[in-house]
Number of protein chains: 4
Amino acid sequence: MAGNTFGKIFSITTCGESHGGALGVIIDGCPAGLKISHEDIQKELDRRKPGQSILTTARQEEDKIQILSGVSDGVTTGAPILLLTFNKDAKSEDYLHLKDLYRPGHADFTYEKKFGLREWRGGGRSSARETLARVAAGAIAKKYLQEIAGISFLGYIEKIGDIQAQVDYKKINIQDVEANIVRCPDEKAAEKMIELINDVRSQGDSIGGVVFCAIKNVPLGLGEPVFDKLPADLAKAMLSINATKGFEIGAGFSAVNMRGSENNDSFYTDEKGIIHTKTNNCGGTLGGISNGEDIYFRVAFKPTPTIAKEQDTIDKNGQNVKLKAAGRHDPCVALRAVPVVEAMTALVIMDHYLRYKK
Amino acid sequence: MAGNTFGKIFSITTCGESHGGALGVIIDGCPAGLKISHEDIQKELDRRKPGQSILTTARQEEDKIQILSGVSDGVTTGAPILLLTFNKDAKSEDYLHLKDLYRPGHADFTYEKKFGLREWRGGGRSSARETLARVAAGAIAKKYLQEIAGISFLGYIEKIGDIQAQVDYKKINIQDVEANIVRCPDEKAAEKMIELINDVRSQGDSIGGVVFCAIKNVPLGLGEPVFDKLPADLAKAMLSINATKGFEIGAGFSAVNMRGSENNDSFYTDEKGIIHTKTNNCGGTLGGISNGEDIYFRVAFKPTPTIAKEQDTIDKNGQNVKLKAAGRHDPCVALRAVPVVEAMTALVIMDHYLRYKK
Amino acid sequence: MAGNTFGKIFSITTCGESHGGALGVIIDGCPAGLKISHEDIQKELDRRKPGQSILTTARQEEDKIQILSGVSDGVTTGAPILLLTFNKDAKSEDYLHLKDLYRPGHADFTYEKKFGLREWRGGGRSSARETLARVAAGAIAKKYLQEIAGISFLGYIEKIGDIQAQVDYKKINIQDVEANIVRCPDEKAAEKMIELINDVRSQGDSIGGVVFCAIKNVPLGLGEPVFDKLPADLAKAMLSINATKGFEIGAGFSAVNMRGSENNDSFYTDEKGIIHTKTNNCGGTLGGISNGEDIYFRVAFKPTPTIAKEQDTIDKNGQNVKLKAAGRHDPCVALRAVPVVEAMTALVIMDHYLRYKK
Amino acid sequence: MAGNTFGKIFSITTCGESHGGALGVIIDGCPAGLKISHEDIQKELDRRKPGQSILTTARQEEDKIQILSGVSDGVTTGAPILLLTFNKDAKSEDYLHLKDLYRPGHADFTYEKKFGLREWRGGGRSSARETLARVAAGAIAKKYLQEIAGISFLGYIEKIGDIQAQVDYKKINIQDVEANIVRCPDEKAAEKMIELINDVRSQGDSIGGVVFCAIKNVPLGLGEPVFDKLPADLAKAMLSINATKGFEIGAGFSAVNMRGSENNDSFYTDEKGIIHTKTNNCGGTLGGISNGEDIYFRVAFKPTPTIAKEQDTIDKNGQNVKLKAAGRHDPCVALRAVPVVEAMTALVIMDHYLRYKK
């Protein structure tokens, strides 16, 4: 039983491979009456597309989106929405020498064993190119949530390797994030990160990173006990993204070393009579349900498995071979993952918004 | 749209509140022909039940399980299985003084706002007592996987507060884990943990912890691209457990600071001709699919929000009030969570085993 | 992959066998705040229970319902609701001589081949006793829909064998239906039906019937294109009931012989400015969506397969054997199916009501 | 919560409107390793496409299919399959005069009220043009089932208006069905049907029909108690097709007038030791599970609601208006529905085949 559908009420089903005909997504459950333009979607895809800077892969893809159903006269009709991008710069020949190898850290081995065959061109379905469809769908979720409920999403790079940024997410916006090519709103840290990535890349290597994401203006009440808690669905969404290794919400792993008296967020009533918590160690949810505070979490990305350095591996016959270089790639996959994290977050919130509010 | 069902093929639907009539679970999709006894289930419930040691809550519940359908002559028939435990020691009066308060760190506030009313007795559905049903269902998954495929699950406490255990999970078994009341197989660390928890408790406070969990002998091929990746479903399972704040698989957050050349797990062929990886930074999955190595991950638990110390909070009218003591509770919720983590893990693996193998 | 869950937002998962420990249902997604008493549920179960008249099986079951979760102080809390009935009069010995036979028209053969074993006591899960859980859950759906939206359900027997009742469903109510033991509001036809069933029973035989069901006061807009059309979900609901062989909505099979000009229901605006159709050949839905008119449909029930007459069949070894008598049974299963049809209808409407209105 | 996905393991999600950009379907869960060519799909679409004969609509659409993902080197990879057809002959201007009317028998009224707006061009999503995606997906299911299990599907017209064909489905094949333009393998009845349809059309009217469908060589064991019984899922599949009003399996509504002794299908063992039933009144399922006999059922189609005759209706303001002519259409929608019925049947069987066999 496959798993290419995400969400229960706002539900996306995606398709497409790195080097196949097209990448697509059918969105089912988008309310009627939402204005949607190509630009709404394209602007998010442009943040994800390859070739944005010297720190990303050289693959050239315009990633132009087509809206083929569900939108009429610029407005959603309640019918399923098909978004499609045709692949253009798919260089299969780059992968020919990898056809019979298992690249370390990649899904070549597991896909081949699971499915009995493998699309070797660009990793096929296992390629992160698949996330294009998520970003396209996420753009619609973002627009809806912004317009209907004023909910917004803000992701950025908080850490690359051992370089930790110092950022107060409440004080920044997307312009601060997009101000540099590592999407880190702490300018000093950003400079060091760029230096580090360049350094790593020149060694033919790659490096990991942490994406921080905040959701602002979340309504109280999202999240469904006991399995579809909001943190549970966010965790699933994040760990479904290529190259992710960890998720933590609010104080996360650092809550382990706190006392209950320290970690508990006390309630108070503000001057407008609205109930808030003084601190936000919980990260905006209690019992798996949003409490009206901002939600924030962190996602760990491993270093890109594709590197230029020579590696030991085996071929299909189990024989030892040396692998060197392997297709165009990003030295730090976390950078382009920022809009993907935001998109998956928007999809989770959108689904829960409709589950709760309808 | 509620969320009390977990799993797609091996699917559990749970019910029950802390102080309601009973806790139950219907398991749908269990293959016919599996021998199941009360003891198979009871032994897991006994690991989770309250009152096991001085470090757990004083609530007395035998948690005796009844098997009411789906099993005939001691064997599963393919029909849905109902497991039920009646509540015995539900002391509603303990909660009467909390009826109109919002306890910090608890779901009182969010449940009341979401549902328009709140079961104040013991936290109702938001109580971790709900996890009893998960453990009962997990016992059946464990038995099936052990018998059919030799898959086993091993959870233990790796960290309490700042006390970090040093354990090689490959060298221990469940007896080592259950050898002490903190379920930590590193004896020296266990002593310090016990001391810390006692200390914290005597202060009327609580403390967090990390549960480590390994799955041994996992078949190659479990996990479904692109959303139902094995780490994604494990992450969701873990973050759906009460009091969890983080999840990481394999090297997890520490992979962020690794180079690709360091993090990538090289393939080799062993003497039996089986393909393995030399290291296991990925934690047993590639592209979201199990690669035949052990799977291991960590789960962060926050300190129990119920503490004896006085706390500031508000009542239903938004007025400031002092809260002291609040029902019977565990000073470190992570301890009793070990069998819960194992159970949820078994449910995920069972579901994916049937999704893949049928 | 099993199939014991029905509904997407108002979702029921049932369990239990004819001669097992209990029959149960977990209802997930019932809105909080609905008053529910035992009586609300029991009165529907009493319509379905065995031993109501000389025309039904002699099995004695009180079918007393227990509400074990999800309801607190008589009100639903939004948590899953467990309804349970313990089996009392399960006479396994009645079935001992059937243990190694395949009864014609029953599921003995298919269950055994599918699951590798068979619960021979009373047919196990394949027994229509399973429908008790549906009726219990349906009672809650009925109450909600009546209270919130004034929607009501009316089922009755329209045909037994070749005896066709003449009824205008708009002019009758449940008292008219329950006025006689065949649940047929056409008194003259009812007399003939009773005579026919008695006649058939005295011959050791059984007979089929048609249940008519109307839904009054359905809001406009229920039903989801393109697969979850309201007639599609009703058809599935009906064909999931034991012994059903057909479903037709509105003019049904008789529409085949109509011209479009005759079958089309013209629109008009009534004195209150509400849009109606002059006729209702469509049965209350257009494009799979309720149009605000009454919904009505018919369900065909085959004669009870259990008969007293001697029949040819085979045993597990494929040897020819004679089968005579086979457990307690109803000579006309359609009679007790009336509340089951209503319950399944209520479950479909409830689910679609919440899918549309939330 | 929308409903554009069908199937649980072999799952299709469709999109597209009559006059939108494209019609598409993503198929998730197709096993890897199946050879698929354009021709495999196109041949089924050609049976459904408009303009096949004088008895179908004049709309000209080549309905050329594109396979855009999930198939590599002519073989399925296990990844989701995207099939797409761009609309070519969409004449929106034909519908301009209908923009503010509600056509009787159509979904204009219900869509507009449900979604708050309506795609008036060709009925948008409510058009039967949507079934193209079902037929495309069904072609893949058919191919798989034929190759793996030798299962085949045979649909034909059994009745148009009051003209009833006499056919033994066991003695005919698809060539017999496709031998005439009404797809009725009883040549004499076919002639009368053609005459009737021509007659009806010349009057500017339309007529209904019954599609009979048989599934040959069905393995024992398909169908999942208690809700996902095979007849239940077939019934849903059929009633989800545009213009359907009824479904009956096996003896169907005629079983109502049978005695149990007459309706029960006796078991016997054939010369090869295989268990069969002497008759097949049940239509190939017992307890909702296939028993190894052929499955057969009937589907009632209403007359096409679009007619050339003048009709009374109302406009958006509730004012009475006359409606005459309304876009290109078929005088008997049942004819082109034959491949749609087969496709939906194949999708149900495919899903249950994978649910049972994996």
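# Note on the predicted model

1. Buried residues account for 70% of the 358 residues in chain A. The model under review is a predicted one. The remarks below begin with chain A and then turn to particular sites in chains B, C and D.

2. Secondary structure and overall dimensions of chain A. The chain contains eight helices and 18 strands. Its radius of gyration is 21 Å, close to the 21 Å that the globule rule gives for 358 residues, so chain A is as compact as a globular protein of that length. The C-alpha trace of chain A spans about 70 × 50 × 40 Å along its principal axes.

3. Contacts in chain A. Of the contacts with a separation of 6 or more, 69% are accounted for by residues 24 or more positions apart.

4. Surface and charge of chain A. Chain A carries 46 positive and 46 negative side chains, with the centres of the two sets 3 Å apart.

5. Cysteines. How many disulfides does the structure hold over all chains? The number is zero. B:Cys332 is in no disulfide, and the nearest cysteine sulfur, which belongs to B:Cys184, is 11 Å away. A disulfide would need the two sulfur atoms to be within 2.5 Å. B:Cys332 is buried, its relative accessible area being 1%. In chain C, C:Cys184 is likewise in no disulfide, with the nearest cysteine sulfur, that of C:Cys332, 11 Å away. C:Cys184 has 0% relative accessibility and so counts as buried.

6. Cis peptide bonds. Most peptide bonds are trans. In chain B, however, the bond from B:Pro225 to B:Val226 is cis, with omega near -10°. B:Val226 sits in the loop between β10 (209-216) and α6 (230-239) of chain B. In chain C, a cis peptide bond joins C:Pro225 and C:Val226, with omega about -10°. C:Val226 is in the loop of chain C that runs between β10 (209-216) and α6 (230-239). A colleague inspecting the backbone may wish to view these two sites.

7. Positive phi. Most residues other than glycine have a negative phi. B:Asn217 has a phi near 70°, a positive value in a residue other than glycine. B:Asn217 lies in the loop between β10 and α6 of chain B, and its relative accessible area of 48% makes it partly exposed. For C:Asn217, phi is near 70°, again positive in a residue other than glycine. C:Asn217 is placed in the loop between β10 and α6 of chain C and, at 48% relative accessibility, counts as partly exposed.

8. D:Glu130. This residue is in the loop between α2 (108-115) and α3 (131-149) of chain D. Is D:Glu130 buried or exposed? At 1% relative accessibility, D:Glu130 counts as buried, the cut-off for that class being under 20%. Residues up to four places away in sequence aside, D:Glu130 touches C:Val226 and C:Lys229 in chain C, and D:Leu23, D:Arg125 and D:Asn242 in chain D.

9. D:Ala251. The loop between β11 (244-249) and α7 (260-263) of chain D holds D:Ala251. D:Ala251 is buried, with a relative accessible area of 12%. Which residues are in contact with D:Ala251, leaving aside its neighbours within four places in sequence? They are D:Met258, D:Asn263, D:Asn281 and D:Tyr296. D:Arg47 is 204 residues from D:Ala251 in sequence and 29 Å from D:Ala251 in space, C-alpha to C-alpha.

How values were computed: Residues numbered from 1 in each chain as written. Chains lettered and ligands numbered in written order. Predicted model: local features only at pLDDT ≥ 70, side-chain atom pairs only at ≥ 80, totals over all residues. Heavy atoms only, no water. Helix = DSSP H or I, 4+ residues; strand = E, 2+ residues; numbered from the N terminus. Rg over C-alpha atoms; globule rule 2.2 N^0.38 Å. Buried < 20%, exposed > 50% of the residue type's maximum accessible area, 1.4 Å probe, protein only. Contact = heavy atoms within 4.5 Å. Lys, Arg positive; Asp, Glu negative; His and termini not counted. Charge placed at Lys NZ, Arg CZ, Asp CG, Glu CD.
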